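This report describes a predicted model.

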Amino acid sequence: MNMNQLLMQSMAETRGLCHPDCVKASKEQEDYDASQHAAMVAVNLISSARVIFNLDAVRTEYSAQYLVDNAGKEDDEGEIDQQSSQLTFENILQYMVENVWNKREDVQGEREQHLTVKDCLECAFKNGLPRREHWSHVGCTFKAPPFTCHIPRVPMKGEVIETKTVDEAMKLLMKQPVGARLHLFSPEIDRVREGIYDGPSSNGSSYVGLRDAMIVAVDKSEEKFVVKVQICYKKKTSIVKVCMRRMFVQLDGDEESQVKEPTGLLVDFCIPRLSVN
């Protein structure tokens, strides 16, 4: 077994585990990290599409954290220290001593802006994606070492298709799940459970913000135009039924909502259109 195989085996065996400092930081992290959620939606869209178009025989989970670490960054491969990127026991040990055992690297603070689902999909098409078990877990606070360039990535070919209209989004949904952003209001989103989420219902509603989500199906059993949406909210992933015909506008001058004209609850639709050739 060569060095690369040993590294891959080690990462697979420690899947989802990390240093206690990293686990502690993850527990203390706020409920919502826009870049992490965008990356999770992106890999879910890719995993689903690859099964649908027979690029993967079974559903394969790809690394969202790889996209968090790499999306939106300039290609700086030429700046990598070739010596430090070599996959040797000495370099692995040196990285562990400098960055894990003695010092925590908080890469979250290095991002100047939040990633979008489009950013993440474009990164996947440009660089390929490692499988989830071959990269650090979502929210890992440690900077990826230079020698991770040796970890194999599955090539991804395609383009990002975007649309602003519901009708076009539903056409895309006929073939594959669709990425979107959902306007969240509290307490309605907290109480929806098996019911239908249709946005603000009273003067007591407060705007939570836009959250990345994935539309997985149309709920034909409902008389209303309802879709099923997978979303991560308060660190829990669930399926929420969303009314597509409900329109709203922010009237209280809340600048944070950025809602200046009537809009639906779901906006900014996109898919990864994969090339099968």
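## Overall composition

In this predicted model, buried residues account for 44% of the 277 residues in the protein, and the secondary structure consists of 8 helices and 9 strands. The accessible surface amounts to about 15800 Å², with 48% of that area belonging to carbon and sulfur atoms.

## Helix H3

Helix H3 covers residues 34–52, and its 19 residues should span 27 Å at 1.5 Å a residue, which agrees with the 27 Å that separates its end C-alpha atoms. The helix is mostly covered, since 15 of its 19 residues are buried.

At the start of H3, the backbone nitrogen of Ser 35 has a side-chain oxygen of Asp 33 within 3.1 Å. After the helix comes Asn 54, which has a positive phi, near 60 degrees.

## Ser 48 within the helix

Ser 48 belongs to helix H3, and its relative accessible area of 12% places it among the buried residues, because the cut-off for that class is under 20%. A polar atom of the Ser 48 side chain lies 2.9 Å from the backbone oxygen of Asn 44.

When residues up to four places away in sequence are not counted, Ser 48 touches Arg 59, Pro 177 and Met 214. Pro 177 is also in contact with Ile 215, a residue taken up again in the next section.

## The nonpolar cores

The largest nonpolar core has 31 residues, of which Tyr 197, Ile 215, Val 227, Val 242 and Leu 266 touch the most other members. Two or more residues of this core are given by each of helix H7 (166–173) and strands S2 (178–186), S4 (206–218), S5 (226–233), S6 (236–243) and S9 (266–274), and the largest share, 5 residues, comes from S2. Apart from this core lies another, of 30 residues, which includes Ala 39, Val 43, Tyr 66 and Phe 125.

The surroundings of Ile 215 can be given in detail: leaving aside neighbours within four places in sequence, Ile 215 is in contact with Met 170, Leu 173, Pro 177, Val 178 and Ala 180, and also with Val 227, Lys 228, Val 229, Leu 266 and Phe 269. Two of these partners, Val 227 and Leu 266, are themselves listed with Ile 215 among the core residues that touch the most other members.

How values were computed:
Residues numbered from 1 in each chain as written. Predicted model: local features only at pLDDT ≥ 70, side-chain atom pairs only at ≥ 80, totals over all residues. Heavy atoms only, no water. Helix = DSSP H or I, 4+ residues; strand = E, 2+ residues; numbered from the N terminus. Expected span 1.5 Å × (residues − 1). Buried < 20%, exposed > 50% of the residue type's maximum accessible area, 1.4 Å probe, protein only. Polar contact = N/O pair within 3.5 Å; in protein donor to acceptor, adjacent residues only side chain to side chain. Core = buried A, V, L, I, M, F, W, Y, C linked by side-chain atoms within 4.5 Å. Contact = heavy atoms within 4.5 Å. Areas by Shrake-Rupley, 256 points an atom, 1.4 Å probe, with all protein chains shown as cover.
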